[in-house]
Amino acid sequence: MVESEGLSVGKVAERAGVSVATLHFYENRGLISSWRNNGNQRRYRQGVLRRIAVIKTAQRLGLSLAEIAAAMETLPADRTPTKADWKRLSSRWRGQLQARIDQLEKLRDQLDGCIGCGCLSLQQCRLRNPDDIAAEEGDGAIYLER
Ligand code: FES
């Protein structure tokens with residue numbers, strides 16, 4: 001393939017292991033880009049394959065497309081993400097993943113207190129009402145009673 005000819009959408013889908021619809025979706029979200037050739041056919045640079053690999057890996061980590069898009073914006077659009085780029089992004093995502101794990105562990109521990117209870121009380125259940133600041137001031141509609 002001559003680089004200036006680019007890869008067709010079908011070829012990218014085949015080589016990246018994703019559907020054509022997924023490629024269009026990524027492109028609509030600004031995660032990848034293409035251009036139109038003289039025949040008005042969509043064409044992609046070779047580097048798009050590595051960008052898709054980064055996107056798919058990030059999705060496996062549970063990152064949202066918005067988070068992935070924000071990270072991808074830090075990469076130059078006209079070149080393949082390098083090993084250094086991946087190292088930087090993966091370091092950042094590791095921190096996010098750890099924060100999510102910490103939050104899930106906290107929720108799991110709170111769930112332990114609910115097992116066998118079933119009250120789902122706004123006053124007592126921390127899962128049902130996790131940010132209940134008003135409860136510290138007493139029962140009832142305390143804001144209306146002021
Ligand atoms: S259901 Fe009772 S404390 Fe959560």
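The protein exposes about 10000 Å², of which carbon and sulfur atoms supply 51%, the accessible areas being computed by the Shrake-Rupley method with a 1.4 Å probe and, for residues, with only the protein chains shown counting as cover. The structure is a predicted model, in which local features need pLDDT of at least 70 and side-chain atom pairs count only at pLDDT 80 or more, whereas totals for chains, interfaces and linings use all residues. Residues are numbered from 1 along each chain as its sequence is written, and side-chain values use heavy atoms, with hydrogens and water left out.

The protein has 5 helices and 3 strands, defined as DSSP runs (helices H or I, at least four residues; strands E, at least two) and numbered from the N terminus. Along the sequence these elements follow the pattern β-α-α-β-β-α-α-α. Among contacts (heavy atoms within 4.5 Å) with a separation of 6 or more, residues 24 or more positions apart account for 51%.

Helix 3 comprises 13 residues (residues 48–60), and its end C-alpha atoms are 18 Å apart, in agreement with the 18 Å that the helix should span at 1.5 Å a residue; the expected span is taken as 1.5 Å times one less than the number of residues. Buried positions of helix 3 are Val48, Leu49, Arg51, Ile52, Val54, Ile55 and Ala58. An α-helix has 3.6 residues a turn, so residues three or four places apart point the same way. The cover over the buried residues of helix 3 includes strand 1 (7–8), helix 1 (9–16), helix 2 (20–28), strand 3 (42–44), helix 4 (65–72) and helix 5 (83–114). Helix 3 is followed by Gly62, which has a positive phi near 90°.

Arg43, in strand 3, is buried yet has no salt bridge, since the nearest side chain of opposite charge, that of Glu5, is 7.0 Å away; a salt bridge would require a side-chain nitrogen of Lys or Arg within 4 Å of a carboxyl oxygen of Asp or Glu. The side chain of Arg43 does, however, reach the backbone oxygen of Glu5 at 3.4 Å. Apart from neighbours within four places in sequence, Arg43 is in contact with Glu5, Gly6, Leu7, Ser8, Ser34, Trp35 and Asn37. Arg29, by contrast, is partly exposed, with a relative accessible area of 46%, and is placed in the loop between helix 2 and strand 2 (35–36). Not counting residues up to four places away in sequence, Arg29 touches Leu65 and Ala69, and its C-alpha atom is separated by 8.5 Å from that of Ala66, 37 residues apart along the chain.

In the segment after helix 5, Cys125 is buried, with a relative accessible area of 5%. Its contacts, leaving aside neighbours within four places in sequence, are with Cys114, Cys119 and Leu120. Leu120, which also lies in the segment after helix 5, is exposed at 57% relative accessibility and has a positive phi of about 50° although it is not a glycine. A positive phi, near 65°, is likewise found at the non-glycine residue Asn40, which lies in the loop between strand 2 and strand 3 and counts as exposed at 52% relative accessibility.

How values were computed. Buried < 20%, exposed > 50% of the residue type's maximum accessible area, 1.4 Å probe, protein only. Lys, Arg positive; Asp, Glu negative; His and termini not counted. Polar contact = N/O pair within 3.5 Å; in protein donor to acceptor, adjacent residues only side chain to side chain.
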